[in-house]
Amino acid sequence: PREIEALAIADETWRSSSAAGPEASTLERLVPMLGGQPILDQPPGQTWFTVLAFGPLDPATTTSATQLFRARLLSVMMSLITLGAVFWAGQSLGGLRTAVFASLVVLANPLLVIHGRLATPEMLTTGWTMLSVAAALWAIRPLRPSPKVLRPATGGALGGGAVGRATRVRGPAGVPQVMLPLLLISMICPRRMSHIMGLTAASAGAALMTIPWAIYVHQQDPHVWSHWLELMRPPADVDVLAQAVAMRSGALLVGSGVWGVLVIAALITPWTIRHPRARRAMLIGWVWAGCVFGLVLLGPGCGECGGVFLVAVVWLVGPVLALAVAQLLQRVGDVARAGGRSRAWPKVALLTAGLVLTASLVGPVVLAQRSLGMATMHTAYWVGTGAVLVLLGVLAARWAARPFPGRAVACWSAWTLAATTLVMIPASQGALRLPQAQQEIHDRPDVEVRRGHRALSVSA
């Protein structure tokens, strides 16, 4: 499993750093290690943050269970940062209502509930990426009066630091996911030159955070740059690329849960609005979502289309699409408050309500008859699960028929959280449970770590 691989590297790096003598430099202490060999062709950010999470623990007495708990606690903290960054970005794009809608949507995303407790790089990357874009949006104030000098400087410094941290975790492939959407958003908004200057300053700050490590790695292995560039390229085989795009698109739609229909509607809505200012405001979220979605579909690792990796990469789009959905819900509410009624909202709401009720009735029955790797639960458990989900689905359907979407969205969020939690309870107790790494990682007889396109087997 990927989190055990990441924890194995962090464990050995932490122990080698603690045992290093005073003559070792700071960078030499921080080089990720496995099997006594440095790992230079992977971004070091995940290892560094995990080692930092270990804190003042004693390497001689610390167990792997304690390390795993602290590493997962780090992911929980980054989940909270992601949620706060989504709220902050929503506040900049549409105000308090948009921020609340975006928080409800991203909080009730099943992928956040799952990856928010895994010691993998995805939550670190997502948290720092969202924080950098949120800071940049706060600094440039899209479609609002020009800010004072202090605001762009503060937002640029915070955004640049977050981009640098995201690059340390994800590598060079993480830079376009931040800078390209912001560049396009700056072109849509007025005062383009000042926005681009701010982005340039943020880019310089991010570069200052990553250049020391890049220089050190280049001195140790001059050919590592070609390996990094190779990881950023999409596969040359068109069939493999098409398969990856299809699987990632499907995983994104399924992973969106109850928000799948709303995501599709949010991507269509900007092109149906006649008012120029309202269309431009919706286009900001659309450009951001479309740009990140395209980069993730064609990004590094397209050839790996299986299991956790597929869902993990697709999750990077989730918070961005949540903001696009929030803008759609804000638009529906504004039309209703003006005395009108959205023509598309009743269809979208009733379709979503129908899918939720269907899942509430069919899901517990299927899971009760087929364990799917989960622990065997009493029939009463699944009956209670179905009752809770049907109750929340009926409440959501009732409110979905009204022109204001707030209460329906709240019910759908509660339904998603309840469904994910009730399904994860038997899953965590059965064959699908996450590995607990009860034995010491450094005592494992064999550890296999995938380093880019190479697999390295070492003795611990």
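What percentage of the 460 residues in the protein chain is buried? Buried residues make up 48% of them, where buried means under 20% relative accessible area, exposed means over 50%, and partly exposed lies in between (1.4 Å probe, protein chains only). The model is predicted, so local features need pLDDT of at least 70 and side-chain atom pairs count only at pLDDT 80 or more, while totals for chains, interfaces and linings use all residues. Residues are numbered from 1 along each chain as its sequence is written, and side-chain values use heavy atoms, with hydrogens and water left out.

The protein chain has 19 helices and four strands. These are DSSP runs numbered from the N terminus: helices are H or I with at least four residues, strands are E with at least two. Of the contacts (heavy atoms within 4.5 Å) between residues at least 6 apart in sequence, 76% join residues at least 24 apart. The chain exposes about 21,300 Å², and carbon and sulfur atoms supply 67% of that area; accessible areas come from the Shrake-Rupley method with a 1.4 Å probe, and for residues only the protein chains shown count as cover.

The structure holds two salt bridges. A salt bridge is a side-chain nitrogen of Lys or Arg within 4 Å of a carboxyl oxygen of Asp or Glu. One joins Arg15 and Asp11, at 2.9 Å from N to O. These two residues are four apart in helix 1 (residues 2–19), so about one helical turn separates them. Both Arg15 and Asp11 are buried.

The other salt bridge joins Arg337 and Asp334, at 2.9 Å from N to O. Arg337 and Asp334 are three residues apart in helix 16 (residues 318–337), so they too are separated by about one helical turn. Arg337 is partly exposed, because its relative accessible area is 41%. Asp334 also counts as partly exposed, at 35% relative accessibility.
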